[in-house]
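I opened this model to look up a few loops, helix pairs and cores. My entries follow in the order in which I made them.

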Amino acid sequence: MYAERISGLKSSAIREILKVTSKPGIISFAGGLPAPELFPGKEIAEAAQGIFAKYGTSVLQYSVTEGLRSLREKIAAILDPEASHIGPKNIIITHGSQQGLDLISKLYLEKGRVVFTETPSYLGAIQAFRLFQADILPIASDGDGIQPVGLLRAVKKQRPALIYLMPNFQNPTGVSLSLERRKEIVDIVKEHDLLLVEDDPYGDLFFSGEKMPSLFTLGRSHNFIYMSSFSKTIAPGLRIAYLAGDEEKISKIAVVKQGTDLQTNTFGQYLVDEYLESSRFDHQRKILRQTYKHRRDCMLAAMAEYFPASVSRNHPNGGMFLWVKLPEHFNARDVLLRCLEKEVAFVPGQEFYSDGSGENTIRLNFSNATPENIEEGIKRIGEVLKEAGLS
Ligand SMILES: Cc1ncc(COP(=O)(O)O)c(C=O)c1O
């Protein structure tokens, strides 16, 4: 009775883990959740009053599929301050970046088409691509992101429908693509006239230095689609995100969106637009960077104290995730089961490998727990690892 494309779908193990972690008392590093105490609730309430005062009940009316023009103008100005190549016509507002992934999948994917990803990659994207029956080809990646040589080799064998990358503090590892590799990848994409989708929800959450240029900005051509979201910098419940690309692609995506949900919710768009009018956004991002950096440091310090030496971890310079590797052939799912008994949770990294590898890896979120809970939770995981015989 179900459509054929549904037959291969299974519920994500992450959703199952998150069900357990919603129990009171559990320390969870599992979800990719921002810190709720930092949501700008007061400013959003003020913005709500402000938009009713300015626009009346039209903020509750249907609106255009591409999204509120003034919000698209602001986003265009963020992406291209000189306004030399990006304008509102290059932007469409989506219900979260997850909808952006769905719309892109509807536009480009079908049975027999292939998506190249870094390894590991964002599970929500893999799910969106698979729903349209695409095959996923994971390309070798390391501490500097996807390896251009591996990408080039794959491109020479087979033309992908699209390449999906998260160059900044990617989910799940927190790794960023080095500047040198960004340039190499842009060259490969342009030379072979490919389509690259750049997903960048974490780029503003850097802990030192400054934001690296996007592939979209470096490439400046029809070969690149950029997507970002206000989920991690304002609040995910608003579900306001956007896609940027050339006019032709954006208008095609708008047609697909019409058939999906007509438009992104008008009220949420007005709220974000009003919030961006004030200077609060800069302040908010600064607070997020400081707080998350502190939490990352707390997690690394606790790991240094409580984890066995044979367990390695990385040192992400931004975002919300830390990546841990257990010795080879050690299974993170078994560790999780024992951790849940001690009321602490994480996501086994294997979930993010489309080829089923990575069984000895772990994704830990550091943005959502307090420093005290971070120390306590890492201590408990350390106990489980030692009880399992690691030293
Ligand atoms: C890489 C990546 N893309 C997209 C999303 C979806 O974000 P949203 O739909 O809230 O904008 C997430 C959420 O965690 C993510 O990590």
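Entry: L33. I looked up the contacts of L33 and, setting aside residues up to four places away in sequence, found that L33 touches M320, N365, S367 and N368. Contact here means heavy atoms within 4.5 Å. The model is a predicted one, in which local features need pLDDT of at least 70, side-chain atom pairs count only at pLDDT 80 or more, and totals for chains, interfaces and linings use all residues. Numbering runs from 1 along each chain as its sequence is written, and side-chain values use heavy atoms, with hydrogens and water left out. I placed L33 in the loop between β1 (27-28) and α2 (41-55). Helices (H or I, at least four residues) and strands (E, at least two) are DSSP runs, numbered from the N terminus. L33 is partly exposed, with a relative accessible area of 47%. The cut-offs are under 20% relative accessible area for buried and over 50% for exposed, with partly exposed in between (1.4 Å probe, protein chains only). I also took a distance: the C-alpha atoms of L33 and A302 are separated by 20 Å, and the two residues are 269 residues apart along the chain.

Entry: S231. Is S231 buried or exposed? I find S231 buried, at a relative accessible area of 6%. S231 sits in the loop between β9 and β10. Apart from neighbours within four places in sequence, S231 is in contact with P34, P236, R239 and I240. From S231 to K386 I read 37 Å, C-alpha to C-alpha, for a separation of 155 residues in sequence.

Entry: α11 and α13. I looked at how helix α11 (residues 280-306) meets helix α13 (residues 371-387): their axes come within 9 Å and cross at roughly 30°. That makes α11 roughly parallel to α13. Axes are lines fitted to C-alpha atoms, for helices over the stretch in contact, and angles run from 0 to 180 degrees between N-to-C directions. Angles under 35 degrees count as roughly parallel, over 145 as roughly antiparallel, 65 to 115 as roughly perpendicular and the rest as oblique. On the α11 side the contact is made by H294, R295, C298, M299, A302, M303 and Y306, and on the α13 side by P371, I374, E375, I378, K379, G382 and K386. I sorted the residues of this contact into eight nonpolar, two polar and four charged. For that sorting, Ala, Val, Leu, Ile, Met, Phe, Trp, Tyr, Cys and Pro count as nonpolar, Asp, Glu, Lys and Arg as charged, and the others, Gly among them, as polar.

Entry: cores. Which residues have the most contacts inside the largest nonpolar core? They are F29, Y292, M299, L364, I378 and I381, in a core of 48 residues. A nonpolar core is a set of buried Ala, Val, Leu, Ile, Met, Phe, Trp, Tyr and Cys residues joined through side-chain atoms within 4.5 Å. Elements giving two or more residues to this core include α1 (13-21), β12 (321-325), α12 (332-341) and β15 (361-365). α11 gives the most, with eight residues. A second, separate core has 46 residues, among them L71, I86, I188 and Y226.

Entry: α6 and α7. Helix α6 (residues 148-157) and helix α7 (residues 179-191) pack at about 10°, with axes 10 Å apart. That makes α6 roughly parallel to α7. P148, L151 and L152 of α6 meet R181, E184, I185 and I188 of α7. This contact holds five nonpolar, no polar and two charged residues.

Entry: backbone. Most residues other than glycine have a negative phi, and most peptide bonds are trans. I noted a cis peptide bond joining T119 and P120, with omega about -5°, and P120 lies in the loop between β3 (114-118) and α5 (123-131). A cis peptide bond also joins N171 and P172, with omega about 25°. Q133, not a glycine, has a positive phi of about 65° and is partly exposed at 25% relative accessible area. D193, not a glycine, has a positive phi of about 50° and is partly exposed at 41%.
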